[in-house]
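Please open the model in your viewer and keep the selection panel at hand.

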Amino acid sequence: MGVSGPATTPLSRADWAALVVEAAATTTSVLERAADADWTRHAAGSDWSARAMLDHLALGVLGYAGLLTARPTDRYITLFGSLDPGAPIPHCLEGLRIAGSLLAATVRDTPPEARAWHPWGHADGPGFAAMAVVELLVHGWDLTQAFELDWQPPEHLAGPAVARLFPEAPTGHGNAETLLWCTGRTALPGHPRRPAEGWQWDGRVR
């Protein structure tokens, strides 16, 4: 099991793009096991239905690609992406993979000096890639909890996202455990669970 700690080797934009694609593929793969379940049930710890959480993921991941494209300095973009409300779950999961691929391509093509607005810190391409990885892994975990699927975010995906967005995260724990603690999902030894609405990441470039 990986143990969280300071990042030692900076990742390239191509590396970050690959992490987004893998996070989308990994998360949707496990959720396909619940494709025939009742997606009107609430996702774990949320007022959203499981289906609504998929819409949130699609909007967020595609929105990050839009922000990196338009690069506003003080607002969100006016393009909103959503999933077909009549589509079956496997097709919705395909939509998440498409959104991940579009963001990955944008991250690869965005100049290193480019920045775009986000309420939790203006970020560069790797920053928005890390945000997407967090969204996919954490909400993927929320959904697997709702459907009683045995799954944890992969260590090698959680580690870079924690290092990029949560610089004050405690060290010495597994990367997945640390990510879930950072996002208010679980406790860590010696660290009580964060309030569900009382956390945020720091997207600023450091």
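A contact, as the word is used on this tour, means heavy atoms within 4.5 Å. Helices (H or I, at least four residues) and strands (E, at least two) are DSSP runs, numbered from the N terminus. This is a predicted model, in which local features need pLDDT of at least 70 and side-chain atom pairs count only at pLDDT 80 or more, whereas totals for chains, interfaces and linings use all residues. Residues are numbered from 1 along each chain as its sequence is written, and side-chain values use heavy atoms, with hydrogens and water left out.

**The whole chain**

Begin with a cartoon view of the protein, which has six helices and zero strands, so that its radius of gyration (taken over C-alpha atoms) of 16 Å can be set beside the 17 Å that the globule rule (2.2 Å times the number of residues to the power 0.38) gives for 206 residues; the two are close, and the protein is therefore as compact as a globular protein of that length. Along its principal axes the C-alpha trace spans about 45 × 40 × 25 Å. Of the 206 residues, 52% count as buried, where buried means under 20% relative accessible area, exposed over 50%, and partly exposed in between (1.4 Å probe, protein chains only). Among contacts with a separation of 6 or more, 69% join residues 24 or more positions apart.

**The nonpolar core**

Next, select Trp-39, Leu-54, Leu-103 and Phe-166, which have the most contacts inside the largest nonpolar core, a set of 63 residues. Such a core is a set of buried Ala, Val, Leu, Ile, Met, Phe, Trp, Tyr and Cys residues joined through side-chain atoms within 4.5 Å. Helix H1 (13–31), helix H2 (50–70), H3, helix H4 (125–146), helix H5 (155–165) and helix H6 (175–182) each supply at least two residues of this core, and H4 gives the most to it, with twelve. Now centre the view on Phe-166, which, not counting residues up to four places away in sequence, touches several others, among them Val-134, Leu-179, Arg-194 and Trp-201.

**Helix H5**

Which residues of H5 are buried? Select Glu-155, Leu-157, Ala-158, Gly-159, Ala-161, Val-162, Arg-164 and Leu-165 to see them; with eight of its eleven residues buried, H5 is mostly covered.

**Arg-108**

Move on to helix H3 (residues 89–109), where Arg-108 has its place. Arg-108 counts as partly exposed because its relative accessibility is 43%. Not counting residues up to four places away in sequence, Arg-108 touches Arg-13, Ala-14 and Ala-17. For a distance to check on screen, pick the C-alpha atoms of Arg-108 and Gly-159, which are separated by 20 Å and belong to residues 51 apart along the chain.

**Two loop residues**

Finish with two residues in loops, taking Arg-71 in the loop between H2 and H3 and then Glu-148 in the loop between H4 and H5. Arg-71 has a positive phi of about 55° although it is not a glycine, and its relative accessibility of 35% makes it partly exposed. Phi of Glu-148 is near 55°, again a positive value in a residue other than glycine, while Glu-148 is exposed, with a relative accessible area of 74%.
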